[in-house]
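Please consult the sequence and the structure shown below while reading.

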Amino acid sequence: VQLQASGGGLVQAGGSLRLSCAASGHTFSDYVMGWFRQAPGKEREFVAAISRGGVGTGYADSVKGRFAISRDNAKNTVYLQMNSLKPEDTAVYYCVADTSIAVVTSGPRYWGQGTQVTVSS
């Protein structure tokens, strides 16, 4: 399973960014997909997850109502739309994959390389 995240960058507080993660090396629709993030000096934390078919989603409380995860199984891609960004959202964002929601939210096996998101105040 290979995951390639992109779309990070520098944005002002209140702005938006859309992250993308292209997957390869497996049958994309067999996997639950998600995003984690790691801020400087902090542990990695779960951000969002989406079920195989894209119907079920879950979010960390800190991003609920501001972030939206989606997937396009025809393009083997998962997205994270981030709105109303705050300086505390600054982190490296990682695309993740595994075969169950429980594992994706706690300890997924497959990780992408990460993309930096910086939110200035």
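Cysteine 95 is buried in this predicted model, because its relative accessible area of 0% falls under the 20% limit. Cysteine 95 is joined by a disulfide to cysteine 21.

**Disulfide**

- The model contains 1 disulfide, and the sulfur atoms of cysteine 21 and cysteine 95 lie 2.1 Å apart.
- The bond between cysteine 21 and cysteine 95 is left-handed, with an angle of -80° about the S-S bond.
- Cysteine 21 is also buried, because its relative accessibility is 0% and the limit is 20%.

**Threonine 90**

- Threonine 90 is located in the loop between β8 (77-82) and β9.
- Threonine 90 counts as buried because its relative accessibility of 18% is under 20%.
- Leaving aside residues up to four places away in sequence, threonine 90 touches Ala39, Pro40, Gln116, Val117, Thr118 and Val119.
- The side chain of threonine 90 comes to 2.9 Å from the backbone oxygen of proline 87.
- A polar atom of the threonine 90 side chain also lies 2.9 Å from the backbone nitrogen of valine 119.
- Between the C-alpha atoms of threonine 90 and leucine 3, which are 87 residues apart along the chain, the separation is 21 Å.

**Salt bridges**

- The model has 5 salt bridges, including one between lysine 64 and aspartate 61, where the closest N and O atoms are 3.1 Å apart.
- Aspartate 61 is exposed because its relative accessible area of 67% is over 50%.
- Glutamate 45 pairs with arginine 37, with 2.6 Å between the closest N and O atoms.
- Glutamate 45 is partly exposed at 34% relative accessible area, whereas arginine 37 is buried at 6%.
- Arginine 66 pairs with aspartate 89, with the closest N and O atoms 2.7 Å apart.
- Arginine 66 and aspartate 89 are both buried.
- Through salt bridges with shared partners, Arg37, Glu45, Arg66 and Asp89 form one network.

Technical notes
Residues numbered from 1 in each chain as written. Predicted model: local features only at pLDDT ≥ 70, side-chain atom pairs only at ≥ 80, totals over all residues. Heavy atoms only, no water. Disulfide = S-S within 2.5 Å. Buried < 20%, exposed > 50% of the residue type's maximum accessible area, 1.4 Å probe, protein only. Helix = DSSP H or I, 4+ residues; strand = E, 2+ residues; numbered from the N terminus. Contact = heavy atoms within 4.5 Å. Polar contact = N/O pair within 3.5 Å; in protein donor to acceptor, adjacent residues only side chain to side chain. Salt bridge = Lys/Arg side-chain N within 4 Å of Asp/Glu carboxyl O.
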